[in-house]
Structure formats: structure tokens, C-alpha cells
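Morning, everyone. I have a short tour for you today, so let's get the picture up.

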Amino acid sequence: MTNISILGQGDFIHLATRITAMLGSKMNVNIQVFESHPEDSDDLIHTLLPRVERTGTDIIITGRFTKGLLESKTHIPVIHLHLTPSDILSAVKKSIPYSTRIAIAMFDIADLRYDYSALQDLLNIELEYITYHTPEELRVKIKDFSKTKGAVIGTGFAVTFAKQHGLQGTLIYTEKSILESIERAIEIIHFKREEEKNNQEFKAIINSVRDGIIATNGHDKITIVNDSARELLHLSPESLLGKELSQAVSHDSFQELANHDHFQDKIISFAHSRLNTNKTVIYQQGRKIGNVLTFQDITDIQKIEQKYRLENEAKGQVAKATFEDIICENAEMKRTIERAKKFSLTDSTVLIIGETGTGKELLAQSIHNHSKRKSHPFVAINCAALPETLLESQLFGYEDGAFTGASKNGKKGLFEVAHNGTVFLDEINSISLHFQARLLRVLQEKEVVRVGGNKVIPIDIRVLAAANEDLIHLVKNQTFRADLYYRLNVLKVKVPPLRNRLEDIPLLTKQFLKNQSKELYRQIEPFAGNLYHELKKYHYPGNIRELHNILERFSILMDPDERHTPESIKQIVVECMDDRSTEWPGDEEKIEIGIKESYRESMLEAERVIIKKYLESYHGDKSTLASKLGMGRTTFYRKLKELDITL
């Protein structure tokens with residue numbers, strides 16, 4: 001509901017009270033009438049105005065003189081009573097029976113809007129105009145006019161003064177003028193509320209954005225400043241509206257902002273921060289009327305970019321495994337995991353060495369998920385799985401037209417996609433010397449250049465690399481760059497082969513079979529010891545991957561409807577490993593043998609090292625090894641004695 005206060009005096013109060021009593025309910029407006037005494041300005045401002053303000057009024061309607069006294073003293077809009085020509089004519093008509101000499105008393109004669117002198121000849125009357133600046137001046141002028149025995153037309157206190165001097169006083173306002181004033185007040189309040197609503201919406205919008213926003217007029221005076229701008233620029237909490245921009249920022253910063261009419265993505269140093277800044281000129285009919293400045297925290301831009309990469313470009317590039325997913329009882333493997341956990345807390349490059357199938361990627365994912373980069377992409381690339389040209393475009397990305405069939409818009413490489421995250425380069429020992437040189441630059445400079453491009457793109461990545469053989473041998477053979485090797489070999493983790501972790505076979509077997517079929521595991525659980533015993537006899541050149549293959553084959557061959565015995569379990573397991581039973585251990589292994597002073601000593605040393613290696617592979621099982629070597633047990637034991645090998 002709209003609240004309106006009407007201020008006046010004398011006869012005007014009676015007229016306004018009568019009209020508002022009729023209108024209040026019909027117009028859904030609450031109107032209150034207050035009697036004012038403009039001649040006592042102190043009482044008006046210090047007593048009456050506070051009373052009016054306490055009512056919660058939206059607008060004040062009063063005469064022009066009182067309006068002049070109030071509008072600078074209150075935040076409430078004040079409008080003067082609307083005066084129409086019919087009001088003047090009606091008042092003149094009412095005054096003629098009392099006197100043909102009529103004075104129109106107005107604070108501002110311009111309110112009459114028209115020249116009424118023609119009425120003098122038409123109505124055979126004399127018109128006189130009385131203007132004033134203060135109530136006392138009006139009182140004096142009406143006193144002088146009273147000598148003519150004329151009639152006075154005017155506002156409430158003009159009528160009051162006329163009556164005090166024995167003159168007929170006629171109120172210049174009519175029911176129509178009051179109604180029109182009320183309608184105009186309601187319209188003003190409506191637009192004011194709409195404006196306030198729009199202002200609040202606008203304020204909410206500009207304060208809801210992270211970007212700092214400052215708008216200035218054509219004289220660089222601030223017209224708009226949002227909360228983000230105050231925070232980013234560390235501006236004072238006091239109001240900056242109307243102040244010059246140079247008062248809000250340092251001299252150097254202001255010069256940077258003022259040097260150009262328009263710029264985008266300019267990094268400017270302010271007192272407490274460096275911000276990405278944009279400036280746009282506001283034009284009206286071709287004339288510059290102001291500027292809009294926006295400020296962005298560079299850290300926020302990086303976060304938004306990273307979020308976009310995670311949600312779009314790096315979608316699916318996540319590490320799923322953690323250290324808790326690695327199953328082991330083996331002491332060496334436990335030490336490997338503890339070392340990897342320590343390494344994960346750094347940002348240094350880690351080189352993971354292990355045979356095929358030992359779980360190098362599982363370890364790499366665990367390192368990533370244990371690091372500070374865990375919420376960012378984990379990008380794994382098998383360097384041996386792609387031709388070198390394709391590997392290069394995948395890792396470094398490419399520009400439009402870089403090669404036949406290239407995407408029209410180019411493509412980001414996996415190094416860019418992995419920004420702030422981890423890149424896992426598996427089988428890095430398989431890449432060529434040429435490609436090694438490009439990779440070395442990425443590791444050293446932390447930047448990439450796309451294929452077919454020349455723009456240097458900075459990246460922040462951690463590199464984990466894996467190889468299925470020790471790279472130092474490749475360095476010695478000059479098939480792997482020494483500088484790249486030393487760049488990768490900052491921290492090294494060696495993953496032991498499964499043949500050195502035989503105590504882990506029961507745990508790995510149990511987990512795999514349960515995942516395959518819990519019902520199958522329940523059937524063979526009584527014979528699990530027999531199953532583990534047979535599995536431990538195998539050498540596993542393919543390590544855990546091969547164990548899984550054997551167990552998958554075993555689970556397929558197991559007939560759930562058949563009654564099983566330890567012998568049948570053994571028979572199926574042996575059958576699953578039969579096609580690999582003739583494979584020699586260590587096919588992929590390399591050993592180093594020192595050259596002795598004589599050829600014979602060198603050969604004996606070679607034989608000693610080889611047999612020791614075999615004994616390690618067979619976990620000291622001399623009988624089985626003797627059989628594999630085609631020796632009798634006695635001959636084999638004699639050979640151990642000759643070579644001074646004791647286990």
C-alpha cells in the first residue's frame with residue numbers, strides 16, 4: 001500500500017481531510033493530513049517533519065513554499081500541489097460577489113502557467129498578483145492590499161492572512177487539484193518503487209559476479225563500484241560514488257588505466273595484487289560519457305580454466321587406484337609402497353622400473369591420488385602403443401592444417417589437458433631419440449609447442465615414467481639419451497616381479513576369484529591350499545597380469561556341477577599353465593658379469609652368477625632346478641660346491 005502525507009494550513013486542511021476520507025479505501029492508498037505552519041520553519045522541520053517520517057510515508061504533498069523548506073531536509077520525495085486553470089477560474093468566480101478587485105497570492109507566479117489579464121475585461125474585474133519569499137512578506141503585502149477592500153485568492157496561509165485583515169479569502173486549490181496531485185504522487189511512487197527494484201536487481205547482479213566492476217562518468221568520477229572491486233582492489237569501505245578514480249587507486253595504477261580508451265586482458269599491478277583488467281568506453285550518440293572497468297583475479301581465472309579442463313577436455317582422465325588397492329604381504333613390496341608414498345608428497349619426477357605386468361600403472365595412479373595434484377587430471381600414455389607421429393600429435397597437440405586430416409580448429413595435446421595434474425608415460429624406453437629430445441624440453445622448460453604451431457604454451461605437470469627394463473643399459477647402448485635419463489631418474493621405484501612375491505599369490509588369487517564368482521570361490525575354498533601350492537610353482541614371466549590370465553582360464557574350466565578333489569584342482573591348474581611350463585625363467589632379464597684377469601676365471605664367474613640367478617628364481621629349490629638344468633642332484637650339488645655357492 002502507498003502511504004501519502006499532505007501538509008497544509010487553514011481551509012486547505014478541511015478540504016483535504018474531506019477528500020481523503022472518501023478516497024483512501026477506493027484507491028488502496030493510506031493518506032494522512034498534517035497541519036503545518038510554514039511561518040515557523042523550526043517547528044516545521046524539527047517537530048512536524050519527524051512526525052511525518054515516523055509514519056513511514058512514501059511521499060509528501062504540500063504547497064510550493066513548504067516544499068522548498070522540506071526537500072533538502074528529508075529523504076522522502078516532496079511534490080507541490082498541482083494547480084489547473086479551472087482552479088483559478090473557480091476561485092475568481094467565488095471571489096467576485098465579495099469584490100471586483102481580486103489579488104492572486106502565489107509563492108511562484110509561474111505556477112499560474114497562463115496570463116489571466118483577459119479576465120479583467122471579460123468579467124469587469126481588477127486582478128493583482130502578490131508574490132512573496134517568506135510568510136512574513138506575504139502577511140505585510142496582504143495587509144497593504146487590505147486597504148483596497150478587495151478579495152484574496154491563494155494558499156491556505158494566504159487565506160488565513162486575508163481573513164485576519166478582514167478580507168474575503170478563497171482557497172486557490174479545489175477538489176480536482178488535490179485529486180490530480182494524489183494521482184501524480186501515486187504514479188511517482190510506482191515509478192520510484194520500480195526504479196528501486198531495478199536498482200536492487202542491478203546491485204544484486206553486479207555484486208553476484210566475481211569480477212570487480214567500476215563505472216565512471218566522462219570526468220572519471222565513480223558512478224558504480226561492486227563488492228568484488230572493493231575486495232580485489234582493497235578499497236576503503238566508505239562510499240566512493242562521486243569520487244575521482246584517481247582517489248581510489250594508486251597514481252601508477254591510474255595511469256595504466258587512463259592511458260588507453262579501450263583494452264582487453266591487460267595485467268595491471270595494484271597496491272596488493274596483479275589483476276587482469278578490461279576497459280570499455282560508454283558512448284551516447286557518438287559522444288563519450290564514461291567507462292566501465294572490470295577486474296579479474298588471475299588465480300580465479302586459472303581455477304575456472306582448470307575446472308573447464310577437468311569437466312570437458314580431461315573428462316575420464318582420472319586415476320582410480322590408491323595405495324589401499326595394492327594387495328601384498330611381501331616385505332619388499334611393502335617397502336616399495338612406503339617409498340612411493342614418500343615420493344608422492346613431492347613434485348619431483350618418479351621413474352618406475354618393473355617387468356611387464358607387475359602393476360606399474362597401478363602404482364602410478366596411487367602416487368597421483370596420494371599427492372596434492374589428486375583433484376586434477378591423471379593422463380596415462382603408453383608410448384609403445386602408438387606410432388611416433390601420432391604419439392607426438394597426441395602429447396603436444398596440433399594447430400589447424402598441421403597435417404593432412406588435422407582437425408579444423410586444431411587440438412590440445414595431452415600435456416595441456418593434464419595441466420596442474422600428472423602425466424604417466426608408460427614404456428618410455430620405447431620412444432626414439434628424436435622424440436626423447438622433444439620430451440626433454442617439456443620436462444626442463446615446462447612448456448609445449450603444438451605440432452605446426454609456434455606459440456609457446458606454459459604447463460604445470462608432474463611426470464611419472466615407467467619402463468620394463470633399467471634405462472641405464474639403454475643409455476650405455478646409446479639408444480636412450482643420458483640427459484633425459486637423469487631428468488627422469490630423480491626418484492626411482494622398483495616394482496618386484498611376482499616370482500619374488502610368492503607369498504602374495506594366495507591374496508591375489510583369492511581377490512581375483514571372488515571378483516569373478518563368489519560361488520566359484522566357495523566351491524574351491526576347501527582346496528585353496530592345494531591351488532596356492534601349485535600356483536607358487538610357476539615362474540610368471542608375465543607377472544600379475546599372467547596370474548590373472550591363468551586364474552581366468554581356471555575359472556572357466558572349473559565345472560560347478562562336478563565334485564572336485566585336490567587332485568582334480570591340481571590337474572586343472574596344471575592344464576592352465578601347461579602351455580607355459582616349458583618357458584625358462586628370466587627370458588627378459590639381463591645380468592651383468594664382471595671380467596676377471598683370466599678367461600677361465602671369467603667363465604667361472606659367469607657360471608656362478610647365472611646359477612645364482614636361477615636359484616633365486618626357484619627360491620632355492622635345488623631339486624627342481626637340477627631337473628630343469630638336466631643334471632642329476634649329485635652332479636648339481638658338486639657344481640654348487642665347485643662354484644662356492646651356498647644357500
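Start with Glu534, which is buried, with a relative accessible area of 8%. Buried means under 20% relative accessible area, exposed means over 50%, and partly exposed is in between, with a 1.4 Å probe and protein chains only. Those areas come from the Shrake-Rupley method, and for residues only the protein chains shown count as cover.

A word on what you are looking at. This is a predicted model: local features need pLDDT of at least 70, side-chain atom pairs count only at pLDDT 80 or more, and totals for chains, interfaces and linings use all residues. Residues are numbered from 1 along each chain as its sequence is written, and side-chain values use heavy atoms, with hydrogens and water left out.

Back to Glu534. Which residue forms a salt bridge with Glu534? Lys537 does, and the closest N and O atoms are 3.5 Å apart. A salt bridge here is a side-chain nitrogen of Lys or Arg within 4 Å of a carboxyl oxygen of Asp or Glu. Lys537 is exposed, at 52% relative accessible area.

Some bridges share partners. Asp347, Lys372, Arg373 and Asp460 are joined that way into one network.

How many salt bridges does the structure hold? The count is 29. Side chains of opposite charge can pair when their charged atoms come close.

Two more of them. Glu128 pairs with Arg101, and their closest N and O atoms are 3.4 Å apart. This pair links distant parts of the chain: Glu128 sits in strand β6 (residues 126-131) and Arg101 in strand β5 (residues 101-106), 27 residues apart. Helices (H or I, at least four residues) and strands (E, at least two) are DSSP runs, numbered from the N terminus. Glu128 is partly exposed at 30%. Arg101 is partly exposed too, at 26%.

Next, Asp470 and Lys494. Their closest N and O atoms are 4.0 Å apart in a salt bridge. Again the pair links distant parts of the chain, 24 residues apart: Asp470 is in the loop between β21 (462-467) and α18 (471-476), and Lys494 is in strand β22 (residues 491-494). Asp470 counts as buried, at 18% relative accessibility.

His419 is in the loop between α16 (414-417) and β18 (422-426). Is His419 buried or exposed? Buried, at 15% relative accessibility.

Now the backbone. Most residues other than glycine have a negative phi. Glu427 is not a glycine, yet its phi is positive, about 50°. Glu427 is found in the loop between β18 and α17 (433-445), and is partly exposed at 25%. Lys446 has a positive phi as well, near 55°. Lys446 lies in the loop between α17 and β19 (447-449), partly exposed at 34%.

Last stop, the surface. Glu39, Asp40, Asp42 and Asp43 gather there in a patch of negative charge. Patch residues have over 30% relative accessible area and no salt bridge, with like charges joined within 9 Å and nonpolar side chains within 5 Å. Asp42 lies in helix α2 (residues 41-54). Asp42 is exposed, at 52%.

Technical notes:
Accessible areas come from the Shrake-Rupley method with a 1.4 Å probe; for residues, only the protein chains shown count as cover. Lys and Arg count as positive and Asp and Glu as negative; His and the chain ends are not counted. The place of a charge is taken as NZ of Lys, CZ of Arg, CG of Asp or CD of Glu.
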